[in-house]
Amino acid sequence: MRVSLTLPNRGVLFGVTTAAQMLDMAEAADRSGLFHCIWVGDSMLGKPRMESIALLAAIAGRTRQVRLGPACMASFPLRDPVMLAYQWASLDLIAGGRTILVACTGLVEQAGARVEGQLYGLEPRDRVKRLIEWIRILRLLWTEDDVSFHGEQYRFEHVTIDPKPAAKPHPPIWIANNAQGDRALIERTHRRAARHADGWQTSVWEPEDLRWRVEDTRQKVIEAGKDPDKFDYCLYQNINVNEDRRAGLEESERFLNTYYTPETFDEQAVSNWVALGSPDDCVERLRFFESLGVTEVALRITSWDQWGQYRRLTEEVLPTYHRPAVSAAG
């Protein structure tokens with residue numbers, strides 16, 4: 001299982017980090033060789049933060065190895081797809097073909113999300129339709145010239161995007177979802193990811209629910225005629241390394257409730273969504289995710305001491321996790 005780092009770009013609003021500090025951390029993570037990807041959050045009015053594409057472009061200029069993307073792009077259905085195709089192609093060129101675009105419907109309950117819908121004339125029922133159409137548009141514009149498209153949500157004639165992305169045939173596109181409630185509805189979101197995307201991302205935190213979702217998504221990939229071993233299954237998680245587990249839990253609860261105001265995370269939710277405890281405890285948690293079939297875990301540090309926690313993660317947790325197991329035979 002690959003391990004990635006998520007930078008808290010909403011944290012600039014309440015003193016967790018700064019733009020300069022995030023760029024420095026991205027560069028350090030790239031040099032460490034311990035991380036597969038650097039992720040940033042994305043939202044517009046729903047959950048405001050530093051804009052993701054601008055931040056990713058800056059990170060691309062400071063890194064050489066890690067892949068880059070939004071986890072996930074909640075603003076995806078709000079953005080003009082032709083402009084997004086153009087922006088992302090340029091970002092991918094800056095990054096040398098290292099980008100992954102993680103799309104989602106961005107449907108949240110915050111008042112800001114309702115303002116977004118009014119501002120861009122977007123009804124909640126149209127978000128899924130746009131998600132699917134936008135993905136089709138991006139792939140067409142990234143791989144073909146003189147493209148015409150006639151969809152329910154968007155239409156255009158004879159459009160060419162140049163320059164094209166560096167990644168060939170195009171940058172991978174994943175779909176993120178965390179649907180709740182009826183199992184048939186959840187399965188429908190998994191089928192959508194399997195059919196339209198190259199990978200799937202979720203932030204579901206209840207262990208057995210996560211196990212079922214990974215297994216069901218894998219089955220849907222097979223049903224879609226794709227190789228399930230070439231499809232990515234990414235878990236968005238958090239981490240707080242602290243031998244005083246209670247202190248780490250309390251700090252993480254305060255961090256998450258500040259980050260996602262007005263959402264409320266109780267102690268049980270925090271325990272499930274944050275790898276807590278000593279370095280060995282955190283390694284054990286990572287190995288558990290690996291046992292579920294997760295191919296990548298994206299870790300965000302739930303602490304105001306971002307650099308102190310980063311050092312513990314890179315010096316005490318990940319070297320142990322990445323170290324090959326020694327057999328009983330030696």
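A residue is called buried when its relative accessible area is under 20%, exposed when it is over 50%, and partly exposed in between, using a 1.4 Å probe and protein chains only. The structure is a predicted model, in which local features need pLDDT of at least 70, side-chain atom pairs count only at pLDDT 80 or more, and totals for chains, interfaces and linings use all residues. Residues are numbered from 1 along each chain as its sequence is written, and side-chain values use heavy atoms, with hydrogens and water left out.

Helices (H or I, at least four residues) and strands (E, at least two) are DSSP runs, numbered from the N terminus. In strand β9 (residues 232-241), 10 of the 10 residues are buried, so the strand is largely enclosed by the rest of the structure. In a regular strand the side chains alternate between the two faces of the sheet. Both faces of β9 are covered: D232, C234, Y236, N238 and N240 are buried on one side, as are Y233, L235, Q237, I239 and V241 on the other.

Strands pair if DSSP finds at least two bridges between them. Strand β8 (residues 199-202) runs parallel to β9 and is joined to it by four bridges, with T202 opposite L235. Between β8 and β9 the chain passes through helix α7 (residues 207-223) in a right-handed β-α-β crossover; right-handed means that, with the strands pointing away from the viewer, the path from the first strand over the helix to the second runs clockwise.

Strand β11 (residues 296-301) is also parallel to β9, through six bridges, and its A298 stands opposite Y236.
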